[in-house]
Amino acid sequence: MSIFKKIIFSVLLSLLVIGNVNADKIRIGTEGAYPPWNSKNEAGKLIGFEVELAYTLCRYIGQQCVIVEQDWDGMIPALIMRKFDAIMAGMSITAERQKAISFSQGYADEVASLAVMKGSSLEGLDTPAGINLTKPNAAAKKALKTLTAALAGKTVCVQTATIHQNFLDSGDVGKVNVRTYKTQDEVNLDLASGRCDAALAAAVAFSDYAEKSGKPVVLTGPTFSGGAFGNGVGVGIRKDDTELLKKFNAAINKARKNGDISRIATKWFGFDASM
Amino acid sequence: MDFELMANSFPKLLNAAVITLKLLSISLFVGLFIGLFFAILRLNKNIYINKFAYGYSYVFRGTPLLVQIFIIYFGLGQIEYFRSTFLWVIFKEPYWCAIIAFSLNTGAYTSEILRSAFQTIKPGIIEAGKSLGISKNIIFFKIQVPIAIRQSLPAYGNEIILMMKGTSLASTVTLMDLTGVAKYIISTTFKPIEVFIVAGGIYLFMTFIFHNLIKFLEKKYSF
């Protein structure tokens, strides 16, 4: 064999080996811009509740994991196109998303909330502390009416392709002026600048921003769950990947039983957001 | 391929293309005057005026349009003092922020296109005007400007097409232009390929129109 052929052969062989190594790993997609669920530290390394949980789940599965960064608005398409094998990105389980992908059981739950700048006329709305929209009771219906009246003609900002956008589009709070942004960071910026009268996202996303930026962002109205807000956050997996779905469900069971999920959740959220 | 989705999204995207065309036409209109103004400054003999005009086109041609939009929209919005001025009424709206960014950007390119067109005018033509006793202003507006516009048509046609594609960045500041609506449809259907093919087709069709319009003008005003 000539040297030239040897080189080509060894390069091809090494490619094959590298390909196999990667095929063994589970690739998990996350956004890296939704603290405390997932975000990046100053060094650009992915951190957060879901990053730590992902490695824990992979240990239970017994396979290595690589975490892949992906913009939120392309998350589900990227999963379908096999850029990675699972989504762990604070993605709530909703009927709409379940048409495209399947979800593991939920591992954590978050409540959504409206946020405004201190001194806004929308501060201190007369509503219950929290409402569930799956089977709204009389108090929840009354709260939606209060919100409809308060938000009429107001600009409410949300991140694109989120449960929060779905809720505003559903018309449950009437016709509000919805503005959509690529990332939650941009929503926070425009809330602080006054372009948004209010913003809707996970309550923890706002408290995290208020704490880190020192801006007077306050929550208002009830916290939302159920209905358009889905049933907890789970691992998103391709529909034909039933094998991986079983593995994740089993791993979540084990991690929950051993107290890993609530331990990691408490570390990142400051309270036990696990489910 | 989900052809039903493509058919359903077509009318919505076509509607959104109207916003794209609005952004484009207003920006091009304003940009043309900015461009003409700075091109005239570039021809000025005063070194400070000349350098100022050069600096403007250097900065706006040397930075990405996306960065310019972000600075104008998110950047200025962070300055508390700026928010208390009357300018905030305009800068509060994403629509005007996009138009300002696009106009300044296309103005920079247009000024370069027009400057080089002015400089290609043969001195003999101007001298001929002078020898006939035509005033300086009339020579400029009736002789130099029409020739410069004709000279710059091919390059300006390119700029129109580049700017049309540039307006897709309006979606990054929450505007529902063609790209913005395409992204919105994708956010609920999770099918980017189908939707972007339709949106791309509409962009291509608009390019086709502009391209032929410029070609027609070039022919009509050829000499």
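Biologist: Which way do α1(B) and α6(B) cross, left-handed or right-handed?

Modeller: The crossing of α1(B) and α6(B) is right-handed. Keep in mind that this is a predicted model.

Biologist: How do I read the angle between α1(B) and α6(B)?

Modeller: Start with the axes. Helix α1(B) and helix α6 (residues 94-119) of chain B pack at about 45 degrees, and their axes lie 6 Å apart. Angles under 35 degrees count as roughly parallel, and 65 to 115 as roughly perpendicular. The pair α1(B) and α6(B) is therefore oblique.

Biologist: What classes of residue make up that contact of α1(B) with α6(B)?

Modeller: The α1(B)–α6(B) contact has 16 nonpolar residues, eight polar and two charged.

Biologist: At what angle does α1 of chain B pack with α8 of chain B?

Modeller: Helix α1 (residues 3-43) and helix α8 (residues 136-166), both of chain B, pack at about 135 degrees. Their axes are 10 Å apart. That angle makes α1(B) oblique to α8(B). The crossing is right-handed.

Biologist: Which residues meet there, between α1(B) and α8(B)?

Modeller: From α1(B) come L24(B), S27(B) and L28(B). They meet I160(B), M163(B) and M164(B) of α8(B). By class, five residues of this contact are nonpolar, one is polar and none is charged.

Biologist: Now the chains. How many residues does the contact take from chain B and chain A?

Modeller: Chain B gives 13 residues, and chain A gives 19. On the chain B side, α3 (65-77) and α9 (178-189) each supply at least two residues. Helix α9(B) gives the most, with four residues.

Biologist: What is the class make-up of the side of chain B that touches chain A?

Modeller: Four residues are nonpolar, six polar and three charged.

Conventions
Residues are numbered from 1 along each chain as its sequence is written. Chains are lettered from A and ligands numbered from 1 in the order in which they are written. This is a predicted model: local features need pLDDT of at least 70, side-chain atom pairs count only at pLDDT 80 or more; totals for chains, interfaces and linings use all residues. Axes are lines fitted to C-alpha atoms, for helices over the stretch in contact, and angles run from 0 to 180 degrees between N-to-C directions. Angles under 35 degrees count as roughly parallel, over 145 as roughly antiparallel, 65 to 115 as roughly perpendicular and the rest as oblique. A crossing is left-handed if the near helix is turned anticlockwise from the far one by less than a right angle, and right-handed if clockwise. Two residues are in contact if their C-beta atoms, placed from the backbone, lie within 7 Å. Ala, Val, Leu, Ile, Met, Phe, Trp, Tyr, Cys and Pro count as nonpolar, Asp, Glu, Lys and Arg as charged, and the others, Gly among them, as polar.
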